[in-house]
Amino acid sequence: MKKIAIFAGLATTLGALPAAHAQSSVTPSSVTLYGLMDAGLVQEGGVSKLTSGISAGSRLGLRGTESLGNGWQAVFTLEAGVLSDTGRSDQAGQLFGRQAFVGIDSPLGMLTMGRQYTLQSQALTDVADPFEGGFAGAATNLAGYSATRIDNTVRYTSPELRGVTATVMYGFGEHTGVVADQRSLGLALGYVNGPLTLRLARQSRAGEPGKADVNNTILAGNYNFGVATAFAGYGRNTGDGSTMFFAENPYGAAQAPTRSSDSRDAIVGVSVPLGATTLLASYVRKDDRDVANRDAQQVAIGATYALSKRSKVYLAYAHIRNRNDAAYMVGNATEVGSGNRAFNVGLRHAF
């Protein structure tokens, strides 16, 4: 009877172990639903319309983390673009066309895989442009390359060391029969010290068969003086298709437009907070180094008024002066535009 009692006690103890293990393996995790809805009126090229995502693309997203212990955590983001004026999907109908990635964040840095923003585009919109790539004044109307995201990418960002971070990003082409097609490499070096932010970024992708690779490089910075923040950036674009291109010229030019293969971008701007109001202004210059010399200049002004921490109204105006049959157009965060000048007024709400 004593042996039976001992074995019964041991069985009871062993039977409790899986439950205890299962309970200890449960780690803290969280999933956040977030989004932004933006809609307003656009007047451009003699056309007036209601449009979505003027200041920033409307979106609905999920992001989550799970603690893995010792400062390590699994992370993911799924972000869908939404056209608030029609309810349709943005990014050519892709379900999660804005972002879709999974990865690990740790004391050694962050490694993520999926559809992600290009490093050159982020440096331009997040650091150099007071309009943050939105409104009529978006620097992306002239500067840099039109692609803001790349599929099939692996991205690593180092831990911050004395304000310095480094990021490397590789995109797999994955085009049948053409291994190099659309392969891309991004490199960035950032520095933040109090009111100063600097970032050097380069995004390269394989060129079309028989043509040189496409490279977009930018040095971007801003400095917060308290009463105002000054913005500046200088970029170099090389390779066929390294900058914005429109197959049809809306201005009835004598010559058909061609893609630039060598250009320089210069950006200066300012944002001035005045209570709930923020004033914005910028100047962007496209210096085309090709024989056609299709230069362009953009001047933009705007203002936002914060109704709350998450809601604001805005207005903006921009004008592009094209030279030598250039065909650049004033767009916004979602659309490429249809003329060389545009006026916006709208409302955005983040949640």
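This is a predicted model: local features need pLDDT of at least 70, side-chain atom pairs count only at pLDDT 80 or more; totals for chains, interfaces and linings use all residues.

Me: How many helices and strands does the protein have?
Reply: Helices (H or I, at least four residues) and strands (E, at least two) are DSSP runs, numbered from the N terminus. Here the protein has 2 helices and 17 strands.

Me: Which strands pair with β1?
Reply: Two strands pair if DSSP finds at least two bridges between them. Strand β1 (residues 29–44) runs antiparallel to β3, joined by 8 bridges. With β17, β1 pairs in the antiparallel sense over 9 bridges, and with β2 over 6 bridges, again antiparallel. To follow these pairings by eye, find Tyr 34 and its bridge partner Gly 61 in β3, Asp 38 opposite Arg 348 in β17, and Leu 41 with its bridge partner Leu 50 in β2.

Me: What is found at the turn between β1 and β2?
Reply: This hairpin has 2 residues between the strands, and Gly 45 takes a positive phi near 50° there. The hairpin of β3 and β4 also has 2 residues between the strands, with Asn 70 at a positive phi near 55°.

Me: Over how many bridges do β3 and β4 pair?
Reply: β3 (residues 59–69) and β4 (residues 72–81) are antiparallel and pair over 10 bridges; Leu 60 has Ala 80 in β4 as its bridge partner. β4 also pairs with β5 (residues 99–106), in the antiparallel sense over 7 bridges, and Glu 79 stands opposite Gln 99 in β5.

Me: How much of the protein is buried?
Reply: Buried means under 20% relative accessible area, exposed over 50%, and partly exposed in between (1.4 Å probe, protein chains only). Of the 351 residues, 41% count as buried. Helix α2 (residues 119–128) is mostly covered, with 9 of its 10 residues buried; among them are Leu 119, Leu 124 and Val 127.

Me: Is Thr 51 buried or exposed?
Reply: Thr 51, in strand β2 (residues 47–52), counts as buried because its relative accessibility is 1%. Contact means heavy atoms within 4.5 Å. Leaving aside neighbours within four places in sequence, the contacts of Thr 51 include Asp 38, Asp 85 and Glu 335.

Me: Which side chain makes a polar contact with that of Thr 51?
Reply: A polar contact is a pair of N or O atoms within 3.5 Å; within protein, one must be able to donate a hydrogen and the other to accept it, and residues adjacent in sequence count only if both atoms are side-chain atoms. For Thr 51, the partner is the side chain of Glu 335, at 2.7 Å.

Me: Which side chain meets that of Glu 335 in a salt bridge?
Reply: A salt bridge is a side-chain nitrogen of Lys or Arg within 4 Å of a carboxyl oxygen of Asp or Glu. The side chain of Lys 49 meets that of Glu 335 in one (3.1 Å, N to O). Lys 49 lies in β2 and Glu 335 in the loop between β16 and β17, so the pair ties together parts that are 286 residues apart in sequence. The whole structure has 8 salt bridges. Another joins the side chains of Asp 287 and Arg 289 (2.8 Å, N to O). Salt bridges with shared partners also join Glu 44, Lys 49 and Glu 335 into one network.

Me: Which residues form the nonpolar patch on the surface?
Reply: Patches are made of residues with over 30% relative accessible area and no salt bridge: like charges are joined within 9 Å, nonpolar side chains (Val, Leu, Ile, Met, Phe, Trp, Tyr) within 5 Å. Accessible areas come from the Shrake-Rupley method with a 1.4 Å probe; for residues, only the protein chains shown count as cover. Leu 41, Leu 50, Ile 301, Leu 315, Tyr 317, Phe 343 and Val 345 form this patch, with about 620 Å² of accessible area together. Both β16 (311–322) and β17 (341–350) supply at least two of its residues each. Phe 343 lies in β17 and is partly exposed, at a relative accessible area of 36%.

Notes. Residues are numbered from 1 along each chain as its sequence is written. Side-chain values use heavy atoms; hydrogens and water are left out.
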